[in-house]
Amino acid sequence: MVAKTILDHILSRMASGGLRVYYPDGTVKHYGPDDPSVELHFKHPRVMRAILLDPLTGLGESYMNGQTDIIGDLGAISGLAAANAAMMQQFARLNLPRPRQANRRRRQRQQIAHHYDLGNDFYKLWLDESMTYSCAYFRQPTDSLEQAQDQKVDYILRKLQLKPGQTLLDIGCGWGKLLIAAVQQYGVTGHGITLSAEQHKLAQERVAAAGLADKITIELRNYQDLPAQAAYDRIVSVGMYEHVGKGNHATYFKALDRLLKPDGLSVLHTITAPRLEPISVWTDRYIFPGGYLPTVAQTAQLMERYGFELQDYENLRFHYALTLEEWQRRFDSHRDEVVRRYDERFYRMWRFYLGTSAGGFRYAGLTLSQFVMTKGPKADLPLTREHLYAAHQ
């Protein structure tokens with residue numbers, strides 16, 4: 001078995017961590033200097049060739065299809081890859097180029113629907129009660145997910161420096177939690193847009209239930225289609241920028257420049273990557289078609305190009321690790337229902353996504369960035385960051 005020989009040769013270069021592999025011919029091998037943090041059970045010879053051609057896609061697809069079992073922490077897979085760069089470079093030399101889904105405007109609604117229109121009942125199974133599907137903010141690791149998501153919304157609203165009577169645009173408003181909180185707590189008028197039909201429907205229902213239909217408008221609309229005369233005091237985007245797509249980030253900042261008032265302020269909450277490279281083929285194919293993770297430097301450069309001044313930056317990397325780990329725990333607790341609604345393959349696909357993503361933030365180079373920016377200098381901002389924490393001391 002040539003594939004097994006090559007794979008064994010590459011894995012033997014593991015210099016950090018520990019991995020145990022059960023091969024289809026009954027061979028069991030231990031790799032790395034430490035006790036294994038995860039075990040891989042290969043059930044078919046084709047798995048090894050697929051992993052050689054693309055480690056994440058080969059492992060992810062074989063796990064989805066029941067050809068590989070993964071015992072232990074799924075996040076450890078990301079950790080082992082990050083800690084063994086020289087070994088992973090050996091895989092890279094064998095990788096074949098794979099097609100990815102282009103992120104063009106005419107396909108964006110379909111690409112968003114692939115992920116977010118699986119059904120609100122699906123997300124209700126494992127998100128917090130508000131169905132906030134983005135990184136939470138933990139003051140303590142023991143905070144509940146519900147508490148941490150409330151804290152995240154409060155934290156972003158503090159960074160927005162809202163004042164009564166202002167207008168707030170939420171680009172990618174999800175199920176509406178942030179907008180409802182902003183209107184209730186700060187007396188602003190809210191406008192939310194999303195490309196997800198499922199989110200649009202439930203967000204409208206929640207706004208109506210809160211008695212805020214005269215204060216909040218939720219639209220199923222692309223941010224690029226907002227009218228030229230629209231202008232907002234504040235603009236926020238949470239977990240949407242990752243979907244803009246490679247080569248499209250300048251378009252986002254052009255729109256931001258057009259939509260934000262001259263004395264306005266904007267908060268951008270997004271996953272960022274350590275390098276300019278495409279997302280994995282597996283993630284593009286099964287989870288976030290057309291997605292792309294920008295770097296901090298790339299984002300800051302675009303801010304400067306379009307006349308924005310960066311007022312504050314924060315990396316909440318480990319907050320997202322905690323969030324994803326809790327999502328996976330809740331997701332696993334509903335395994336039978338997920339399998340009944342969809343199937344075993346779907347369950348394993350999402351479990352692989354949640355677990356390896358958590359590892360990406362805890363062990364590898366993924367970061368969660370919050371940028372606060374203004375259109376040029378703004379003299380009336382607080383001199384310190386005390387306003388973010390004063391009520392919690």
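Mentor: Welcome! This is a predicted model, where local features need pLDDT of at least 70, side-chain atom pairs count only at pLDDT 80 or more, and totals for chains, interfaces and linings use all residues. Residues are numbered from 1 along each chain as its sequence is written, and side-chain values use heavy atoms, with hydrogens and water left out.

Trainee: What makes E5 and E6 a pair?

Mentor: Strands are DSSP runs of E, at least two residues, and helices are runs of H or I, at least four, numbered from the N terminus. Two strands pair if DSSP finds at least two bridges between them. Strand E5 (residues 167-171) and strand E6 (residues 189-194) have five bridges, in the parallel sense, so they pair. In this pairing, Ile171 stands opposite Ile193 of E6.

Trainee: Why are E7 and E10 at the edges of the sheet?

Mentor: The open sheet has seven strands in the order E7-E6-E5-E8-E9-E11-E10, with mixed pairing. E7 (216-220) and E10 (308-315) each have a single partner strand, so one side of each lacks a neighbour in the sheet.

Trainee: Why is Cys135 called buried?

Mentor: Buried means under 20% relative accessible area, exposed over 50%, and partly exposed in between (1.4 Å probe, protein chains only). Cys135 has 1% relative accessibility, so Cys135 counts as buried. Cys173, at 6%, therefore counts as buried too.
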